[in-house]
Amino acid sequence: MKKTNSVLVIGGGIAGMQASLDLASRGMRVYLVEKTPSIGGRMAQLDKTFPTMDCSMCILAPKMVDTFRHPNITLLTYSEIMEVSGSVGNFTVKVLKKPRFVNPEKCTGCGICAQHCPVEVPNEFDMNLGVRKAIYVPFPQAAPLVYTIDEDNCLKCELCGKVCLAGAIDYDQKPELLTLNVGAIVVATGYDLFDVRKRTEYGYGKYPNVMISLEFERMESASGPTGGHIVRLSDGRVPEKIAFIQCVGSRSIKGGLPYCSSACCMYATKEAVLIREHNPKCEVYIFYNDLKVFGKGFQDFINRAEDTWGVKYVRALPGEITEDSKTGKLIVWYEDTTENAIKNLKADIVVLCPALIPKPDNKKLAKILGVELDQHGFFKSKDPMLAPIDTTVPGIFIAGYCQGPKDIPESVAQASGASGRAAESMALATVKGVRRTARK
Amino acid sequence: MDVPEVVKYAETLSNVAYAERNLYTCSSEGLRKIKDAIEKHNLNRVVVASCTPRTHEPLFRATCEEAGVNKYLFEMANIREQCSWVHSHEPEKATEKAKEIVRMAVAKARLLQPQEEPEIDVTPSALVIGGGISGLTAALCLANQGFKVHVVEKERELGGLLKKVHKLYPSMEDASAVLKRAIKAVESNKNIKILTSTVIKGVKGFIGNFDVIVQKGKQKPRTIQVGTIIVASGATSFEPIGMFGYGESKKIITQSQLEEFLKTGKLKKPKRVVMIQCVGARRPTGRTYCSRVCCMTALKNSMLIKELSPDTDIYILYRELQTYGKEYEEWHRMAQDKGIKFIKYALERPPEVTVTPDGKLSVKVHHALLDEEMTIENDLVVLSTPLIQHEDGKALSQMLKVPLGSDGFFFEAHVKLRPIDFATDGIYVCGTAHSPKDVAESIAQAYGVASRAAIPMALKRLRTEAITSSVDESLCTGCGTCVKLCPYGAIEKDEKGVAKVTAVVCKGCGVCAASCPERAITMRHFTNEQIIAQALAALGRVPA
Amino acid sequence: MKEEPRIVAFLCNWCSYAGADLAGMSRITYPPSVRPIRVMCSGRVDPGFILKALEMGADGVLVSGCHPGDCHYVDGNLKAEKRVENTKKLLGILGLEPERLRLEWISASEGTKFAQVIKDFTEQLRKIGPNPLKTKTASRIPANVDELIAETVKETNIRYCLECGKCSSSCPVAKLREGYSPRRMVEKFLLGFRDKVLSSDELWTCLTCYQCSERCPSDVKYPEFIRTCRTLANGGVLEEVCAHRGVPQALSRMMTNPKLKQNRMNWLPDNAEIAERGDLLYFVGCLPYFDVIFENLGLESMKIAQSVVKILNRAGIKPVIMPNEKCCGHDLLWTGDIEKFEELAKINVADIKETGATRVVLACPEGYRTFKKDYTEVIGNMDFEVLHISELLSELIQKGKLKFDGKLAKKVVYHDPCRLGRHMGVYDPPRSVISSIPGVELVEMGRNRENAECCGVNAWLACGKCSKEIQLDRLMEAKNTGADLLVTTCPKCQIHWQCVMTEKVPNETEKVGMEVRDLTVLVAEALNLK
């Protein structure tokens, strides 16, 4: 049997990077395939992280740079998995490198091309609150720091090619199909957000000042579209009252998903504290059902938010939001369940915390890998209690949110776990040429 | 803060051959610029004035190395966290301060010397402290990769907390069956040596070379040499003595005791059960944390009681229901389906348990969401208490020289990005020793530490810190002050009676250098001269 | 006749009762058929009493007061006259002999007249025959209470309630009525405070509009839960909480009697083409009764039925209309009278089967839901398809069977009735019908589709200040769209809005006038159907 010391990691978020670094640090070769032009994942979009209030990019960037520079990690960004065959110890993987139309060897990341590009499109990284050009990097600390041409929106005016001083633009770049041979695969594809337009009672899309949490996160990030200033999207005014609504689409038998997304109570608290830090005059209310305080340091964080920062927690999920057309304020209707009274709160901004859902692309990837998805669309663990990191296919492991709802420390620990399992199963698979299946 | 002005100022300092301004120095582009500048201007010292060195120092150091400059010839000036971010109301003063900080960094940089990081061998074997499901999982994972593992367990039998558990949710598999399989796998693996009834008596050494003194029963203690240590010592259950009538009646029990009854089949079919959550947990002071698994345990045990006795009425009095994750909310629904009633109570108005003289139980609870007082007569009260650190946990933490958090559990290196490492290299933590968690989370962490521990063991050699101290033998008088003060026991008197530092054990704290009456100890990279130069630069004085 | 006919007589204190006394003092004999009830004024008698007496088996009802001009309370007797006239019309439609109800003017000195009236009335009743109705008076709480509760708990998902409060804060009633909380009702029921729930006022205030269920993450079907609670409370015999004195419910109950043959076809236009057997059946519903009961609102409910028939004829369809069609039973079901509801269901389905119809179309969303959803639960597979008129019209327009010649230059705002919208998910067919009328501009209210605000009353329950506020709110919202017409497909919505616009609502600051029209009437107008 061919002995290979390589592992494929699918997904370049914090889980994917951790798994890659663990494996690469012990001398194994890692292929890290990431669909978007840069690694970093969701953490790159966050301003701070709970419960420590660390600057997300500050703790992420070293990992990104380590991943990018590690001699044992081959970074394949803007690439997708097309085909997988074989079994543990000996998988053959076909990866499609999509053309960026920019030569990574030559690009210096100077950005002159983007300055001259005439096309502006909504910036997905900023949750469409800002714009980017058709030739772009997703965010300034991107790794690799190589510009990419968004083929769908490019006008083909070829202006970028003319202004690039390094001669890095290559309009003839073709997709490349690579074939890799790996011993194990780690899947860490992360999560998406529930479409809150389905909950018409909250008026997202109808009222400009109803936002979803990730949009709000981008707005309050210093590197975001408003430079960190929290303002009403309708008229740019500074808000006096902000309301967070938890569980939009979570814990729902109908009109959403049945599980608890497990991170929202905490990240809403984080965003609330940031608002209070930024603007102590702004009142913040968090409407919740059950506060999820199960993690290390969570309860203390919420206590601080309440006692030190004056964040107000209201035990109620609002029924509907209407708009006061004269002032543009949003009227949030709720039942104060501890007082048995219907009340309303007039807020300037309402932030909806949507359910965090498995990426729709998981379906396609699962088929390619031959693994099963559970009823929600997460990758299915071989045994939810005893083998959470294993999938139904030996040699393929899962880590991070794509396995199920969890926060960053758990994703990191699980990613290390996946690399441990990957190394273990490869070691077992090469013993005496007999394939041993993963430990039960 | 006026960055260009600071740059201009930097150019005026002597020995500064080149100064440049960058927006994101830590990005690939910024690093490239550093390398280019080193080459172009033939630099042999580099100062980066930006954020805190705690984040990016290793990155910049590595960049210098790549450009041919020894990484210890690099210094950072923190003009962000400690300047611009805290003086945003006084930009002019901030700029002045930034200039001075840069001046200080340059003053030190002038005196920096290149340092080497000695390489050490790594013993490719691991010590796993604790033979519960976490310890067993980690041990097996490492053993299957070819590493030798010692599992030390203080009880007579392996198994830890799971020994007391009846069934595991959501599969409702027998915990004992799971344990049996794990123990069998571990016992039959020839790379694993198991020592039960064994305690840790002392730990010396450093990553790659730990000397662990263990004692089995009353036997003579012996030393095991390992390269890495995994703390999987687990946790224990809090006993709610004096709370909610615990101790006043045989019918007021803890969730663990209920588990025991269910396991041994000794539970008499109760007519009505009241479970009280958060007993001794989530307090305003003291034990402030949530023990994570109690809500699910209560749900699981309720379902088991219902299986035994479908007519039993069950009330769960909770504060916040922790049904997180993929499956737990579904269990909540199943419990609701079976008619199990959930009543929320507020911290300020806890339930009252009364035992009548003839032994009948009654629980009075204020339903927080109905604003109504309810009295529930019942024949079994189950108190859900948190997991807490073992009594000997503190002693273990002191032996390993790793910290405990305010919640009593082991405290990791970094909450977000290094959740299963300790700050001390070579020691890792997993399972409930880290914080309360369920079996799946423990197993995931166990595989995680196996992966982390495998890194140094797989590489077989490791580069260690260069920032250590050394003794100038000619000046040492053998007073022994430094030996007494070193927290790591890195200094010893040699045959000549002169102090000698074991560089690889030294963590670079500098206490020795500060205490030596003869100034015989040099702290590399933080020499007396360098520190004084920084102070003088801060005050605008030129060093002598 | 073996038994003596029984007459319940409402006699006014000042005249008729005195007159009866005089007959007694004068020793004038008359048959022992009358059971007198003294009221201060004949104007005190409301149709609910009359129907109740008849429903419970009185062979005849006599209402007697002072001669016009002599009424002790000015003109109470004239009001009584109007009411009796009205009630007679209802009886006529119902198929119960209107002669069973008699109005007389008997003064205090007319002892002889009183005796004569009784003699005549008794003879007349002997000839007419005994009252076929004799509904049992005992409350209709079902025997299998535990089974019913268990079934309801399972089907309505109340156990999954997370107590989040979304329901209460979505409820139009809760916003206006302090202390009303669907969530607390459910929780109390689950915790064993059943009696509190069943004896509460709140049990009857729910509009069953489904706004709460629509948004509930645990899919709790609160209206169905309330419905069962109402059954448990007292089997649905509840005039005290019903508006219009429980008359509609009484009529529905009376219709279950097989001996009554209704006269309900007079509204048919002369040139209407209908059939007794056929493929498509048009189920008219309670419109003929509404016409009488709500005469004062100037509604012309029958215009809806007439429009439907005309439109269908234009499309080349001869609908089957059953001459003895019974009430669908919706109002009985939602006030908790499951027993009578099931009776009606069985009768209607059997009658429809006789006609051979494979499709049944209703112009009333309540009937539509009742047939499509609730009947299926009682009967099972019904062998015919159930359509709402908007679905059928949409189909006909698409197939080209209905063509609009001219333009109808109107701005129309459409209101989604609860039963059609949230209950059954039918949002688009009415809109597509309206949009296909040339010249019509369709606008939407902010609260539309699944967020449409209920018209404020359900099954005639708990109509009060709260309902009026809700109705005015909705009418104001419609008005603010600038539309000329507020179009809906529910006759009940129309009645309620018309009512609030006609009556003087206390504390009203501005009158909201909005022209309301039924979809069918609009379409008929657009098709130039006379």
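Which residues form a negative surface patch? Hi everyone, let's start there.

The patch is made up of Asp146(C), Glu147(C), Glu151(C), Glu155(C) and Glu377(C). Patch residues have over 30% relative accessible area and no salt bridge, with like charges joined within 9 Å; a salt bridge is a side-chain nitrogen of Lys or Arg within 4 Å of a carboxyl oxygen of Asp or Glu. Accessible areas come from the Shrake-Rupley method with a 1.4 Å probe.

A quick word on the source: this is a predicted model, where local features need pLDDT of at least 70 and side-chain atom pairs count only at pLDDT 80 or more. Residues are numbered from 1 along each chain, and chains are lettered from A in the order written.

Back to our patch. Helix α5 of chain C (residues 145-156) gives the largest share, four residues, while Glu377(C) sits in helix α17, residues 365-379. Helices here are DSSP runs of H or I, at least four residues, and strands are E runs of at least two. Glu377(C) counts as exposed because its relative accessibility is 57%, and exposed means over 50%, buried under 20%.

Now, the rings. There are 27 aromatic pairs over all chains; ring centres must lie within 6.5 Å, and planes under 30 degrees apart are stacked, over 60 edge-to-face, the rest tilted. Take Phe50(A) and Phe298(A): they are edge-to-face, 5.5 Å centre to centre with 80° between the planes. Phe50(A) lies in the loop between β3 and β4, and Phe298(A) in helix α7, 248 residues apart. Both Phe50(A) and Phe298(A) are buried.

Note on methods. Side-chain values use heavy atoms; hydrogens and water are left out. Patches are made of residues with over 30% relative accessible area and no salt bridge: like charges are joined within 9 Å, nonpolar side chains (Val, Leu, Ile, Met, Phe, Trp, Tyr) within 5 Å. Lys and Arg count as positive and Asp and Glu as negative; His and the chain ends are not counted. The place of a charge is taken as NZ of Lys, CZ of Arg, CG of Asp or CD of Glu. Buried means under 20% relative accessible area, exposed over 50%, partly exposed in between (1.4 Å probe, protein chains only). Rings of Phe, Tyr and Trp (its six-membered ring) pair if their centres lie within 6.5 Å; planes under 30 degrees apart count as stacked, over 60 as edge-to-face and the rest as tilted.
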